[in-house]
Every structure is written in C-alpha cells, then in structure tokens.
Amino acid sequence: MDELGDLVDVTTLAVALISVGGTLGGTLGGAVLSQRASRAEAVEQNQRADREREQERNEQVLQAKRDLYAHLNTAARAYRVAARDAVEAVERGESIDPALLDAAKEAWAEQYSQAQMALAKDVLQVASTLNRSLGVGYSVVKQLPSSPELDEAYQRAKTWFSGPLSDGVYLLRVALRHDLGVEDDPHFEQNRMQMLAALDSARNCLADLLAAERAQAA
C-alpha cells in the first residue's frame, strides 16, 4: 500500500509539474508572440510615418516648383506687356514712365535667375531663348525715339511684341506646364524646337536691324 501511495504521489506530482510547465510555456510563448507582434506593428508604424514624411516632402517640393513656374510665367508676360504698352504710348505721343518698364525687366531678371537653378534642361533652353528675346525687346523700346524711320520702327516693334515675342512667352508657359505634367502633348518636343528656331531667327534679324540703326546714328 505504501508503494502504491508513493506511486500515486509521484504520478500526481509529475502531472502537476507538467501542467505547471505547460502553463508557463504557454504564458511565455504568448508573451514572445505578443512582443513580436508589437515589434512588427512598431516597424509598420515607422515605415508608414516615413512614407508620409516622404510624401509631404515631395508635395512641398512640387508646390515650390509650381510657385516658381507661376512667378516666372507672370514676370515674362508682365515684361512683354510693359514693353508693348510703352511702344504704343510713344506712338500716340504720350509720355511714359521708364520706371515701369525697368521694374518689369528687373522682376523678370530676378525670377529668371532663380529658375536657372531649378529648370530642366529643355525648359531652361526655352527660358534662355526668351530671356534674350525680351532683352532685344527692351532695346527696341529704348532705341525707338532715335530711329530714323519712326513709322517703320513703330510697326516693327508692334510686330515683334505681338508676334514672335508673344509666341515665345506662350512657349514658355506650355513648357512649364508640360514639365509639371499638367499638359501632355505627344508632339510637344517637335513644336518646341520649331518655335525656338523661329524665335531665334526673328530675334537675330531684329537685333541686326537695331545694330545697323545704331551704327548709322553714330
């Protein structure tokens, strides 16, 4: 009987130990799984936060680009209009305030200087060509009073500002919109090169005429 009782006690103890071990093992296993799940959740949260920060940075960069392009486009249009208005005012015999044209010129120069650091190569080519063309337009206005043939000079100036230079400002706007992805023209590159060539040719012809007039006046 004593042996049988001892056997029962040992068996009971073994069962108890196994039960306790199973409980502890289950508790520890659950804790490990819980820790792993917490770590995985923390990693996922960090990755999500990184993605959100990256998206926010990209949106800020894109918005800064939009602002720069908008200011560049506005400055180009204002410069052309100021020069054109000055020509028309002089033709009507009205006095003009040279500070208005100079202010438009400086505003464009500032925006163009900033854009040079950010524009893509093809857009920069458009902006650079337009910059030279606007410069010739400025010379047209300044040289107009001393032109030997005023009627011809007025017509030439008006043609320049309403024709090639207007096309150049339009091309800049389209190029900026294309670069931003707002406008998608499959023929844009071909049109861009054709319009740039036409603007270059018209500008060179006008610059030669102005240079010839200055030489004649001298």
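**Entry 1: the cavity lining**

I began with the residue classes and found that the lining of the largest cavity has 4 nonpolar, 2 polar and 2 charged residues. Here Ala, Val, Leu, Ile, Met, Phe, Trp, Tyr, Cys and Pro count as nonpolar, Asp, Glu, Lys and Arg as charged, and the others, Gly among them, as polar. I noted that this is a predicted model, in which local features need pLDDT of at least 70 and side-chain atom pairs count only at pLDDT 80 or more, while totals for chains, interfaces and linings use all residues. I also noted that residues are numbered from 1 along each chain as its sequence is written, and that side-chain values use heavy atoms, with hydrogens and water left out.

I then looked up the cavity itself. The structure holds 1 cavity of 30 Å³ or more, and the volume of the largest cavity is about 30 Å³. A cavity is a set of points, on a 1 Å grid over the protein atoms alone, where a 1.4 Å probe fits but cannot get out; lining residues have an atom within 4 Å of a point. Grid points are joined across faces, edges and corners, and the volume is the space filled by probe spheres set on the points.

I listed the lining of the largest cavity as Val140, Gln143, Leu144, Ser147, Ala153, Arg156, Leu210 and Glu213. At least two lining residues come from each of helix 3 (121–143), helix 4 (150–162) and helix 6 (188–217).

**Entry 2: the whole chain**

I recorded 6 helices and 0 strands for the protein. Helices (H or I, at least four residues) and strands (E, at least two) are DSSP runs, numbered from the N terminus. Of the 218 residues, 27% count as buried, where buried means under 20% relative accessible area with a 1.4 Å probe and protein chains only. Among contacts with a separation of 6 or more, 79% join residues 24 or more positions apart; a contact means heavy atoms within 4.5 Å.

**Entry 3: Glu213**

I returned to one of the lining residues, Glu213, which lies in helix 6. Is Glu213 buried or exposed? Glu213 is buried, because its relative accessible area is 13%. Leaving aside neighbours within four places in sequence, I found Glu213 in contact with Gln143, Ser147, Pro148 and Arg156.

**Entry 4: Ala157**

I placed Ala157 in helix 4. Ala157 has a relative accessible area of 1% and is therefore buried. Beyond its neighbours within four places in sequence, Ala157 is in contact with Val87 and Val140. Ala157 and Leu144 are 13 residues apart in sequence, and their C-alpha atoms are 8.4 Å apart in space.

Thr129 is found in helix 3 and is buried, with a relative accessible area of 3%. I noted that a polar atom of the Thr129 side chain lies 2.9 Å from the backbone oxygen of Gln125. Not counting residues up to four places away in sequence, Thr129 touches Leu196, Leu199, Asp200 and Arg203.

I followed that list to Leu199, which has its place in helix 6. Leu199 counts as buried because its relative accessibility is 4%. Apart from neighbours within four places in sequence, Leu199 is in contact with Thr129, Leu130, Ser133, Trp160, Pro164, Leu165 and Gly168. The C-alpha atoms of Leu199 and Leu130 are separated by 8.2 Å, although the two residues are 69 residues apart along the chain.

**Entry 5: helix 5**

What span should the 17 residues of helix 5 have? At 1.5 Å a residue, helix 5 (residues 164–180) should span 24 Å, and its end C-alpha atoms are 24 Å apart, so the two agree. The expected span is 1.5 Å times one less than the number of residues. I listed its buried residues as Leu165, Gly168, Val169, Leu171, Leu172, Val174, Ala175 and Leu176. Just after helix 5, Gly181 takes a positive phi of about 85°.

Terms used: On a 1 Å grid over the protein atoms alone, a cavity is a set of points where a 1.4 Å probe fits but cannot get out, and a pocket is an open set with protein on both sides within 12 Å along at least five of seven lines; lining residues have an atom within 4 Å of a point. Buried means under 20% relative accessible area, exposed over 50%, partly exposed in between (1.4 Å probe, protein chains only). A polar contact is a pair of N or O atoms within 3.5 Å; within protein, one must be able to donate a hydrogen and the other to accept it, and residues adjacent in sequence count only if both atoms are side-chain atoms.
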